[in-house]
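Please look over the sequence and the structure first, and then read on through the sections below.

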Amino acid sequence: MAFGIKRDELKQWKKEVEAGNIAFLTHYWADDRFPQMNTVTKVGCRDVDKLKQWGKKHGLKPKWIHADEKYPHFDLIGSFEEDILKAEGKLDQLRRFKSVEK
């Protein structure tokens, strides 16, 4: 279950994904499989080859792509989430939801 984002943020993420851009969306998240995690960052791109190449530079495996027909994306959680957002200069996305170092 996702919460903590505005409808306009979700619409903008979808627009960017549909345009073939690498797009980031962080939100609160609850999943019984990962009780210690409370945020997830979705990194999407309609161009799956582009998304695979982006993921490869961060050590992500293509099989981890959520193969949504319209919005393919990686779900980043835990240390992957923070490390990748830091590398991409996107820690502001995560700071909204929890305290992280610069």
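## Aromatic pairs

The chain has five aromatic pairs, where rings of Phe, Tyr and Trp (its six-membered ring) pair if their centres lie within 6.5 Å, and planes under 30 degrees apart count as stacked, over 60 as edge-to-face and the rest as tilted. One of these pairs joins F24 and W54 edge-to-face, with 5.8 Å from centre to centre and 75 degrees between the planes. Because F24 belongs to strand β2 and W54 to helix α2 (residues 48-56), this pair ties together parts that are 30 residues apart in sequence; helices (H or I, at least four residues) and strands (E, at least two) are DSSP runs, numbered from the N terminus.

F24 is buried at a relative accessible area of 11%, and W54 is buried at 7%, where buried means under 20% relative accessible area, exposed over 50% and partly exposed in between, with a 1.4 Å probe and protein chains only. W54 also forms a tilted pair with F74, at 6.2 Å centre to centre and 45 degrees between the planes. That pair links helix α2 with strand β4 (residues 73-76), 20 residues apart, and F74 is buried as well as W54.

## Model and confidence

This is a predicted model, in which local features need pLDDT of at least 70 and side-chain atom pairs count only at pLDDT 80 or more, while totals for chains, interfaces and linings use all residues. Residues are numbered from 1 along each chain as its sequence is written, and side-chain values use heavy atoms, with hydrogens and water left out.

The mean pLDDT of the chain is 91, and 94% of its residues reach 70 or more, pLDDT being the predictor's confidence in each residue, from 0 to 100. Confidence is lowest in strand β1 (residues 2-3), with a mean of 64, and highest in α2, at 98.

## Helix α1

The 12 residues of α1 should span 16 Å at 1.5 Å a residue, and the end C-alpha atoms of α1 are 16 Å apart, which agrees; the expected span is 1.5 Å times one less than the number of residues. Just after α1, G20 takes a positive phi of about 85 degrees.
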